[in-house]
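Please read each one with the structure open beside you.

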Amino acid sequence: QNGHLSPYAWTLMVIYFLQVSPSSNMPCLSTAVFNGDVGIPSQARLPWSYRGPLSQMLFMFFQFFADEFKWGKEVVSVRMGQ
């Protein structure tokens, strides 16, 4: 709306970046892990953290979407992590 990305779009972009960035390598979980029960499945309880400074991660985020992501040819899929 009005040429701006929605908060939901920003959230998807951040998750996607964390999944595909070699420096963060956030795990991508299969949808089969989630069966509708309340709570977090044991397969989803993976240890993950980024040990670098937040400012560096923010810079890499914008650099990724400015230089590496092929706008108009790629789509963000957090379900697939690719």
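1. Of the 82 residues of the protein, 23% count as buried, where buried means under 20% relative accessible area, exposed means over 50%, and partly exposed lies in between (1.4 Å probe, protein chains only). Please keep in mind that this is a predicted model, in which local features need pLDDT of at least 70 and side-chain atom pairs count only at pLDDT 80 or more, while totals for chains, interfaces and linings use all residues. Residues are numbered from 1 along each chain as its sequence is written, and side-chain values use heavy atoms, with hydrogens and water left out.

2. The secondary structure comes to two helices and zero strands, with helices (H or I, at least four residues) and strands (E, at least two) taken as DSSP runs and numbered from the N terminus. Along its principal axes, the C-alpha trace spans about 40 × 30 × 20 Å.

3. Leaving aside residues up to four places away in sequence, F65 touches M13, Y16, F17, W71 and V76, a contact being heavy atoms within 4.5 Å.

4. A polar atom of the S24 side chain lies 2.7 Å from the backbone oxygen of L18, and, not counting residues up to four places away in sequence, S24 touches F17, L18, W48, Y50 and M57.

5. On the surface, L5, W10, L58 and F62 form a nonpolar patch with about 390 Å² of accessible area together. Such patches are made of residues with over 30% relative accessible area and no salt bridge, with like charges joined within 9 Å and nonpolar side chains (Val, Leu, Ile, Met, Phe, Trp, Tyr) within 5 Å; a salt bridge is a side-chain nitrogen of Lys or Arg within 4 Å of a carboxyl oxygen of Asp or Glu. Accessible areas come from the Shrake-Rupley method with a 1.4 Å probe, and for residues only the protein chains shown count as cover. One member, L58, sits in helix α2 (residues 54-68) and is partly exposed, with a relative accessible area of 47%.

Technical notes: A polar contact is a pair of N or O atoms within 3.5 Å; within protein, one must be able to donate a hydrogen and the other to accept it, and residues adjacent in sequence count only if both atoms are side-chain atoms.
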